[in-house]
Amino acid sequence: MNESIISDMPLIWEELERKSVEIGFTMPSDKYIGTLLKTLISSKPAGNFLELGTGIGLSLSWMLDGMDSKSKLVSVDNDIQLIEIANQYFGSDERLTLVCEDASKWIKLNDTAKYDLVFADAWPGKYSHLDVVLNMINVGGFYVVDDMTKQFNWPAGHHENVINLVTYLESHDDFNVTKMKWSTGVIIAVRIK
């Protein structure tokens, strides 16, 4: 098996990668987390999904690609430039709601919402507000985070945040957790009760 060959990439992927370079966006999600998100989302027909940290829309493109016509996705980012770019590419997709707001504030205002998959790619939902976000996941729903192995852009001491997150997730008996040393380091947790 050659995992470097991915044949079902979203049509917009290369354009989004080009745009990332053009604007100097240095935190793009890679295609491996994208294909994983697409696969997981495909398992949830008429699903309700949440992305915390839209970025330029690379992972968003995979998520939308995996969704059926009855599914819905909310994607939140606090960077107006990035939300405007994502809106240019995806704004006409009626399944998508793009939100430009600080994710910590958004989480507090939407804490009763329920999702079949949450991709937490921002500080809120990953390193803060974690209890609230985990409670937003339906039984059988997924919590997904990436960048769990050392990244070039990590600030000093960030490794401790990752260790604390892993320890915290493993302490929850209402989730089954899998840690993968793949892509940029991925954790998938599924709510079991």
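Reader: What pattern does the chain follow when read along the sequence?

Author: Please note that this is a predicted model. Read along the sequence, the pattern is α-α-β-α-β-α-β-α-β-α-β-α-β-β. That comprises seven helices and seven strands.

Reader: And how compact is the chain?

Author: The chain is as compact as a globular protein of its length, because its radius of gyration is 16 Å, close to the 16 Å that the globule rule gives for 193 residues. Along the principal axes, the C-alpha atoms fill a box of roughly 40 × 40 × 40 Å.

Reader: What share of the residues counts as buried?

Author: Of the 193 residues, 49% count as buried. As for the accessible surface, the chain has about 9,600 Å², and carbon and sulfur atoms make up 52% of that area.

Reader: What share of the contacts with a separation of 6 or more comes from residues 24 or more positions apart?

Author: Such residues account for 66% of those contacts.

Reader: A change of topic: how many positive and negative side chains are there?

Author: There are 17 positive and 27 negative side chains, and the centres of the two sets lie 4 Å apart.

Reader: Now to one residue. Where is Thr 35, and is Thr 35 buried or exposed?

Author: Thr 35 belongs to helix 2, which covers residues 31-42. Its relative accessibility is 18%, and buried means under 20%, so Thr 35 counts as buried.

Reader: Which residues does Thr 35 touch?

Author: Leaving aside residues up to four places away in sequence, Thr 35 touches Ile 6, Asp 8 and Trp 62.

Note on methods:
Residues are numbered from 1 along each chain as its sequence is written. This is a predicted model: local features need pLDDT of at least 70, side-chain atom pairs count only at pLDDT 80 or more; totals for chains, interfaces and linings use all residues. Side-chain values use heavy atoms; hydrogens and water are left out. Helices (H or I, at least four residues) and strands (E, at least two) are DSSP runs, numbered from the N terminus. The radius of gyration is taken over C-alpha atoms; the globule rule is 2.2 Å times the number of residues to the power 0.38. Buried means under 20% relative accessible area, exposed over 50%, partly exposed in between (1.4 Å probe, protein chains only). Contact means heavy atoms within 4.5 Å. Accessible areas come from the Shrake-Rupley method with a 1.4 Å probe; for residues, only the protein chains shown count as cover. Lys and Arg count as positive and Asp and Glu as negative; His and the chain ends are not counted. The place of a charge is taken as NZ of Lys, CZ of Arg, CG of Asp or CD of Glu.
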